[in-house]
Amino acid sequence: MSMVSKGKGIKVKVTILPEKREILLPVGENLLITLRKKGLNILSPCNGAGTCGQCKVRFEQDAPTPTEGDRRFLNSQEIEDGWRLSCLHEVEGGGGGSLVGQVEGEAAIYLVAQAGELETKAQVDSFLEEGDVDPGVSAHFLELSPPGRDDQRADLLRLRERLEQELMVPLPVLKRLPSILRNNEFSLTVIKAEKEILNLLPNDHSDEIYGVAIDIGTTTLACYLFELVGGRQLAVAAGSNPQSAFGADVISRIGHVREQGEEGSEELRRLVVDALNELITRMAREVGIKRDAVYKVTVVGNPTMLHLFLGIDTSAIDHSPYVPVIQNGLTLRAEEVGLAVSPFARVETLPAISAYVGSDIVAGMLYADMRTKDTIELLLDIGTNGEVVLTVGSRMFSCSTAAGPAFEGASISQGMSALNGAIHRVTVEDGELSCSVIGGKEARGSCGSGLLDAVAVLREIGLIDNSGRLCRTEYPLSSQIEGEGTKARFLLSDGVYLNQKDIREFQLAKGAIRAGIEVMLEHASIDSADIDRILVGGAFGSSLSSLSLLRTGLLPSIDAERIIS
Ligand code: FES
């Protein structure tokens, strides 16, 4: 793809490796943006600002001249091998190859890791106990008496008289009623929610209705499949939120919608709905059920995520007075939102508290039963948008904090999401440093929990002083510190460093969350020593070590046993 010509309408044929997919890219467009438009999700937490170093692609030949930004994030071997940051390059024409109409030149690009394709390390185990569940959807097996000369009631009347007179029926479902009745000796299963029939099935399927719970995180999507009769959890699936290709935080995504208008909003909506459908399909396949036997879906997420999931305008959320379009919960039909379950399934979103305190933390509060306890509890959802809830008996306080993307790995020099290759745990024992890597392979970078642990252990052994500066001491691991001052860095694992700048980013994120906690405590006139329990929630929060949270001062000092992930 060496630079020969630029011009309106000229395209270059690019083969995407390793799957060998051929696409045409317009010459002169930003490579990251144009790859995204072709549906390729490149990791790009800084949304093309050139500050995260994660949008790497490898040119098989004729790699463009490396920019200063490439040299900042890529080592000389990677530069030589053809790796470049896609956001820092334009599509260039020429470079050999045949001319096909307006197509000039060919290139092959290897994509390192596409967001949404890798399994995340999200902790998505269910803590739900089986038992009395009222999902609001029920299934009823009915054996109706067949009509005769002395019983000429209409089919629908016959059905309604066994259930409720007022039951509404969607027309497509009603149209199937006569054949279901007559082909199955008038026995059928009626699936209903409140006063509406959702579906009719021949014979007895009253045990075969399912529900899905979805948490749309800014970074991670988590889905759970349940039996609606009894509430047993059947499967769990998690994946990256592919909207991350448009920025790690909600503000970048709102900015994308503002710039691109309805098209941008639809693009983000489609990405997240497609990814959720993949997770639902995976769970259904795993347990051998049909997706259209799912009749109830409950969705939580921060307000921006829910707006984007529903394709609702986000433009008033990111500036004063920070007004969302929706705050209460909604009840919708699956076909309206595009989920691959029964088209008649009920989709419910939970209410949010404000434009930045979302239904995800509301779900956490419900789960932890925070309203009904006579204790002092703090619930944290640690992420780019950190949310904090404090309950003092029946009083409740909440706030959100702009922690920034450090915990998602975006503003960290070798930071990454909790994907394969991320260091997620760092320990020091008898002077030996050990790093656990997701997927057990070679480390590619560090995710939020790895960053937290690294700062915590280096602080503990004195290689980070109390101002956050990397400093050499007598400790044997001191030799792993290279450079001086702002250029100092600590070698965590082959080729993966914790830089001085990363520690400063961590301090900013930690400071924001801790400040949120302190403000809430002050507001409620509570001393941290009085807190009975700290609950750390969210897919990311649940992988954090309590000890590291305390050692770094992210949490106020309380007994580690009182911290629950
Ligand atoms: S450096 Fe390219 S997207 Fe962040």
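In these legends, helices (at least four residues) and strands (at least two) are DSSP runs, numbered from the N terminus, and every view shows a predicted model.

**View 1. Ala352 lies in the loop between strand E15 (346-349) and helix H9 (359-367).** Ala352 has a relative accessibility of 16%, and because buried means under 20%, this residue counts as buried. Leaving out residues up to four places away in sequence, Ala352 touches Pro303, Gln327, Val357, Gly358, Ser359 and Val362.

**View 2. Helix H6 (residues 250-287) and helix H7 (residues 303-310) cross at roughly 70 degrees, and their axes come within 7 Å.** Because angles of 65 to 115 degrees count as roughly perpendicular, H6 is described as roughly perpendicular to H7. On the H6 side the contact is made by Val250, Arg253, Ile254, Val257, Leu268, Arg269, Val272, Val273 and Leu276, while H7 contributes Thr304, Met305, Leu308, Phe309 and Leu310.

**View 3. The largest nonpolar core holds 54 residues, of which Ile382, Leu390, Leu458, Phe490 and Ile534 touch the most other members.** Helix H11 (residues 500-523) gives the most to this core, with eight residues. Apart from this core lies another one, of 45 residues, among them Val257, Ile317, Ile326 and Val337. Once neighbours within four places in sequence are set aside, Phe490 is in contact with ten residues that can be followed in the view, including Leu433, Leu458, Leu463, Leu470, Leu477 and Ile481, as well as Val496, Tyr497 and Leu498.

**View 4. Gly495 sits in the loop between strand E23 (489-493) and strand E24 (496-499).** The C-alpha atom of Gly495 is separated by 9.7 Å from that of Glu442, a residue 53 places away along the chain.

**View 5. Cys87 and Cys223 are both buried.** The relative accessible area is 9% for Cys87 and 0% for Cys223. The structure holds zero disulfides.

**View 6. The chain is assigned domain 1 (11-115), domain 2 (138-202), domain 3 (210-359) and domain 4 (369-565).** Taken over C-alpha atoms, the centres of domain 2 and domain 4 are separated by 57 Å.

Definitions and conventions:
Residues numbered from 1 in each chain as written. Predicted model: local features only at pLDDT ≥ 70, side-chain atom pairs only at ≥ 80, totals over all residues. Heavy atoms only, no water. Disulfide = S-S within 2.5 Å. Buried < 20%, exposed > 50% of the residue type's maximum accessible area, 1.4 Å probe, protein only. Domains from an automatic or database assignment. Core = buried A, V, L, I, M, F, W, Y, C linked by side-chain atoms within 4.5 Å. Contact = heavy atoms within 4.5 Å. Axes fitted to C-alpha atoms, helices over the stretch in contact; angles between N-to-C directions. Parallel < 35°, antiparallel > 145°, perpendicular 65-115°, else oblique.
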